[in-house]
Amino acid sequence: MATGRTLIEKVWESHVVQHSPDEPDLLYIDLHLIHEASSPQAFDGLRLAGRTVRRPDLTLAVEDHNVPTDSLFILDRMGKQQVETLRQNCVAHGIELFRLGDRRQGIVHVVAPEHGFVRPGMSVVCGDSHTSTHGAFGALAFGIGTSDVEHVLATQTLPLPRPRTMAVEFTGVLPADVTPKDLILALIARIGANGAHGHVIEYRGRPIEQMSMEGRMTVCNMSVEAGARAGMVAPNQVTYQYLRGRPGMPEGTAWDEAVAYWETLRTDENAVFDSVVRIDVSALTPFVTWGTNPGQAVPIGGRVPAPESFADNQRRAAAQRALDYMGLSSGTAMDSIEIDTVFIGSCTNGRIEDLKSAAGVLRGRKVAPGVRMLVVPGSTDVREQAEAQGLHRIFTEAGAEWRLSGCSMCLGMNADRLTGPTRCVSTSNRNYEGRQGPQARTHLASPAVAAATAVTGRLTAPSGLRSGEAL
């Protein structure tokens with residue numbers, strides 16, 4: 001019997017324009033997302049070559065990285081110039097732009113699914129590594145560099161070597177206090193920050209099948225932090241329920257035909273993956289990072305590991321450097337580490353489900369004295385949903401800052417950056433040295449852990465809060 005195909009192979013092969021032995025495949029790109037931080041040089045390249053954008057109708061631009069979330073006024077000179085350049089390029093080439101003040105504005109990886117731009121089986125690229133988010137819909141989605149952005153703008157294609165395939169099988173029953181963020185942190189801690197290099201991951205198993213689209217987007221978002229090119233989840237009824245009725249979605253018979261095709265986007269039973277990782281979620285507890293890459297993570301009830309506990313010389317050296325930068329000592333209990341700042345937001349955890357989770361922990365409690373807490377919706381639509389449900393009042397009454405939408409404190413490209421050796425628990429995706437600002441010390445965690453931490457002033461799981469605790 002012929003070997004079946006994986007979901008990854010099915011979507012990849014359906015987009016191959018040209019295949020030649022010993023050469024990269026030429027892939028057709030269904031959707032090209034751009035933003036102000038990664039596109040200026042690509043448009044300059046087009047102009048120098050005398051080219052135009054081949055398919056502006058398949059290109060969507062968003063202003064997000066440089067956006068100040070306390071106002072709509074960009075004061076930073078370089079940030080202002082990047083945004084203005086994007087606007088000029090979009091006008092010149094007829095590209096749709098979600099700009100500041102537009103009610104559709106927000107982080108590119110939040111607004112694109114919200115407004116029906118992403119569907120199962122698509123190929124999606126963006127000059128941003130966390131484009132892998134869109135794999136939650138069964139799309140092949142990945143980040144690209146500036147020269148690739150130019151290539152896609154000019155040709156709507158991209159030459160790429162065929163990736164290897166990895167199955168991540170989650171089994172068991174998800175404990176009540178364990179979130180999608182904990183699952184992906186647990187995976188990266190298991191295989192390392194480069195453990196999926198050269199692969200596209202398919203996330204499988206009942207915990208994934210039952211997971212919300214917001215949760216799936218969180219998991220796929222951080223695939224790149226494991227070194228993967230992309231992460232994917234096969235579409236099912238959860239996917240269709242999320243998509244139905246969104247802008248641009250088919251209706252009536254056309255919807256039925258679309259779903260019939262999407263139902264074929266499954267890994268065949270006799271398909272073979274290049275590698276398989278299995279994780280029983282039943283015994284998991286909330287995870288949090290201690291170091292300077294997402295793979296340096298442990299359960300929140302654990303301790304900071306000793307560098308000598310790593311057998312590999314490279315990982316041992318990385319651990320020692322991380323401890324020096326983070327100002328931590330091996331053996332320190334994670335739940336004793338004090339925090340200065342709490343950030344809830346980003347394309348990883350800035351959706352309505354994430355805000356509900358954090359608000360559920362904060363309701364009736366107060367942010368600890370001396371702790372600054374920022375809550376930044378991932379889009380204007382998320383902000384409006386949260387306000388309609390009264391979540392913003394829970395945050396502000398607790399002592400948190402309720403902001404406008406944007407990338408915010410995920411990265412140091414806007415006014416929300418940290419200064420000095422500030423220690424932050426963040427729901428974002430990266431904790432590299434200087435990611436949130438010079439000398440900033442970042443601990444990645446779920447929205448629920450971040451909210452509980454805000455209450456106590458130290459890394460805390462929601463289950464670690466005392467009944468009625470309101471510091």
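Which residue takes a positive phi in the hairpin of β1 and β2? That would be Asp-22, with a phi near 65°, in a hairpin that has 6 residues between the strands. Keep in mind that this is a predicted model, where local features need pLDDT of at least 70 and side-chain atom pairs count only at pLDDT 80 or more, while totals for chains, interfaces and linings use all residues. Residues are numbered from 1 along each chain as its sequence is written, and side-chain values use heavy atoms, with hydrogens and water left out.

**Strands and sheets**

- Helices (H or I, at least four residues) and strands (E, at least two) are DSSP runs, numbered from the N terminus, and two strands pair if DSSP finds at least two bridges between them.
- Elsewhere, 5 strands make an open sheet with parallel pairing, in the order β17-β16-β15-β18-β19.
- The edges of that sheet are β17 (401-402) and β19 (441-444); each has a single partner strand, so one side of each is left without a neighbour in the sheet.
- Inside the sheet, β15 (residues 341-344) and β18 (residues 423-426) pair in the parallel sense over 3 bridges, and Thr-341 has Cys-424 as its bridge partner in β18.

**What's tucked inside**

- "Buried" means under 20% relative accessible area, "exposed" means over 50%, and "partly exposed" is in between (1.4 Å probe, protein chains only).
- Helix α8 (residues 213-221) is largely enclosed by the rest of the structure, because 9 of its 9 residues are buried.
- A nonpolar core is a set of buried Ala, Val, Leu, Ile, Met, Phe, Trp, Tyr and Cys residues joined through side-chain atoms within 4.5 Å.
- The largest nonpolar core has 87 residues, and Tyr-203 and Trp-262 touch the most other members.
- Helix α6 (residues 180-191) supplies the largest share of this core, 6 residues.
- Apart from this core lies another, of 61 residues, including Val-110 and Ile-344.
- Contact means heavy atoms within 4.5 Å; leaving out residues up to four places away in sequence, the contacts of Tyr-203 include Phe-170, Ile-184, Val-219 and Cys-220.
- His-199 lies in strand β10 (residues 199-204) and is buried, with a relative accessible area of 7%.
- Among the residues His-199 touches, not counting those up to four places away in sequence, are Pro-163, Met-166, Ala-230 and Asp-274.

**A nonpolar spot on the surface**

- Leu-72, Phe-73 and Leu-75 form a nonpolar surface patch, with about 400 Å² of accessible area together.
- Patches are made of residues with over 30% relative accessible area and no salt bridge, with like charges joined within 9 Å and nonpolar side chains (Val, Leu, Ile, Met, Phe, Trp, Tyr) within 5 Å; the areas come from the Shrake-Rupley method with a 1.4 Å probe, and for residues only the protein chains shown count as cover.
- Phe-73 is in the loop between β4 (59-62) and α3 (77-93) and counts as exposed, at 65% relative accessibility.

**Salt bridges**

- Side chains of opposite charge can pair when their charged atoms come close.
- A salt bridge is a side-chain nitrogen of Lys or Arg within 4 Å of a carboxyl oxygen of Asp or Glu, and by this rule the count comes to 20.
- Asp-268 forms a salt bridge with Lys-10, with the closest N and O atoms 2.9 Å apart.
- That pair links distant parts of the chain, 258 residues apart: Lys-10 is in helix α1 (residues 7-13), Asp-268 in the loop between α10 (252-262) and β12 (275-280).
- Asp-268 counts as partly exposed, at 29% relative accessibility, whereas Lys-10 counts as buried, at 13%.
- Glu-13 forms a salt bridge with Arg-162, the closest N and O atoms being 3.2 Å apart.
- Glu-13 is in helix α1 and Arg-162 in the loop between β8 and β9 (164-171), so this pair ties together parts that are 149 residues apart in sequence.
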